[in-house]
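Hi,

Here is the structure I promised to pass on to you.

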Amino acid sequence: MARSTDATTMRRALRREVPSTVGLLADDEDFTAMRRHYRTFTFDDHETYLARVEELLETLATEGGHTTVALFDPEDYADYCTRTGLDPDSPASRSRFTAEVAATGASVAYTGQPIDSLVPLLVHRAVRQATWEYATMLLTDIGECADCGQDIGRSAFDQASHTLARLLEEAGPGTHHLVCSVPADEQLLAVLHAERPPTGPAVLDPTEAAEFVTVLAAGIALESPGGLVLRTTTPAAPDRVHGWRLDRGRLTPLTEAEVFNAYCTDADTGEPLPPEPGVDYRAGFPLTPDDQWPTHH
């Protein structure tokens, strides 16, 4: 009896050492596609499926291990099975695909979030990753400068990295929220949060920073129109909002009136919006001189 108890205890201890991965069908359309194509996918409706997933996540959490939730995309799954020669109508194949997505695709750590919060978080993560991958592809494909032979994508990335550092340096201490928007064949949007203490460099998430720099670099390399907004929050003071436009690969400061108009205009209708209380709309401040970065063709 003692030996059986010891074995059970050891198995439980080992289970806590093994991470879990759960694939999640975030919307009803993807759920319906799985039901239509795969006999072994036996759930009846999306709402019940989400409830069962939430119960599973709660159970895994009680066992003390780490659980990752990955976005399960039926089209990507079908392509994966075609590439690998796996039977798509198999729970084992779905499990293998989920493990690969968790390693390379959109995923979040489960920390007890309710399913209604987890789904939009996972979708947002997937959109961010797709934006990053597309911007990276643009930088990779743009090629070399016809004049100097330099890799334009690499040069633009270096310039964007320098620009971000200058933005955070000039913004000073506080909590900074940056948004960069670049129109391309697909709209590129990147968001970055940073904390700048009274002394020392800004603290930011390295993945967010890489995504932000990549999107800004794509706008620089393509000489695309676009914009960048910086909002700074400090204790006992109004929030400060600064803005710039992307003009032929350079960030040009907006005037105070232009920043106000950008923030106080409905993007969909063009109708004016009331200014936000406790916010100072300010002109963008000058950044790196243009002659530091050559123009590539």
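**What I found**

Ala236 counts as exposed, with a relative accessibility of 91%. You can find Ala236 in the loop between β7 and β8. The backbone there is worth a look too: Ala236 has a positive phi of about 55°, although it is not a glycine. Before you go further, keep in mind that this is a predicted model.

Arg248 also has a positive phi, about 55°, and is not a glycine. Look for Arg248 in the loop between β8 and β9 (250-253). Is Arg248 buried or exposed? Its relative accessibility is 62%, so Arg248 counts as exposed.

Thr234 has a relative accessibility of 17%, and the cut-off for buried is under 20%, so Thr234 counts as buried. Which residues does Thr234 touch, if you leave out those up to four places away in sequence? They are Pro173, Gly174 and Arg240.

**The whole chain**

Now zoom out. The chain has nine helices and ten strands. It is 297 residues long, and 39% of them count as buried. The accessible surface of the chain comes to about 16700 Å², and carbon and sulfur atoms account for 54% of that surface.

There is also a number for how the chain meets itself. Take the contacts between residues at least 6 apart in sequence: 61% of these join residues at least 24 apart.

Helix α3 covers residues 46-62 and helix α6 covers residues 115-141. Their axes come within 10 Å and cross at roughly 100°. Angles of 65 to 115 degrees count as roughly perpendicular, so α3 is roughly perpendicular to α6. On the α3 side, the contact is made by Leu50, Val53, Glu54 and Leu57. On the α6 side, the residues are Ile115, Leu118 and Val119. How many residues of each class does this contact have? There are six nonpolar residues, no polar ones and one charged residue. In case the description itself is new to you: two packed helices are described by the angle between their axes and the distance between the axes.

Asp45 is in the loop between α2 (28-37) and α3. With a relative accessibility of 32%, Asp45 counts as partly exposed. Asp45 and Asp28 are 17 residues apart along the chain, and their C-alpha atoms are separated by 8.3 Å.

**A buried strand residue**

Thr67 belongs to strand β2, which covers residues 67-71. Thr67 is buried, and its relative accessible area is 2%. Not counting residues up to four places away in sequence, Thr67 touches Ser20, Val22, Leu57, Leu60, Val108, Ala109 and Tyr110.

**Cysteines**

How many disulfides does the count come to? The answer is zero. Two cysteines to click on are Cys81 and Cys180. Cys81 is buried, with a relative accessible area of 3%. Cys180 has 1% relative accessibility, so Cys180 counts as buried.

One is Cys145, ten residues from Ser155 in sequence and 9.8 Å from Ser155 in space, C-alpha to C-alpha. Ser155 itself lies in helix α7, residues 152-171, and is buried, with a relative accessible area of 4%.

Where is Pro274 found? Pro274 is in the loop between α9 (256-263) and β10 (279-281). Pro274 counts as exposed, at 68% relative accessibility.

That's what I have for now.

Cheers

Technical notes
Residues numbered from 1 in each chain as written. Predicted model: local features only at pLDDT ≥ 70, side-chain atom pairs only at ≥ 80, totals over all residues. Heavy atoms only, no water. Axes fitted to C-alpha atoms, helices over the stretch in contact; angles between N-to-C directions. Helix = DSSP H or I, 4+ residues; strand = E, 2+ residues; numbered from the N terminus. Parallel < 35°, antiparallel > 145°, perpendicular 65-115°, else oblique. Contact = heavy atoms within 4.5 Å. Nonpolar A, V, L, I, M, F, W, Y, C, P; charged D, E, K, R; others polar. Disulfide = S-S within 2.5 Å. Buried < 20%, exposed > 50% of the residue type's maximum accessible area, 1.4 Å probe, protein only. Areas by Shrake-Rupley, 256 points an atom, 1.4 Å probe, with all protein chains shown as cover.
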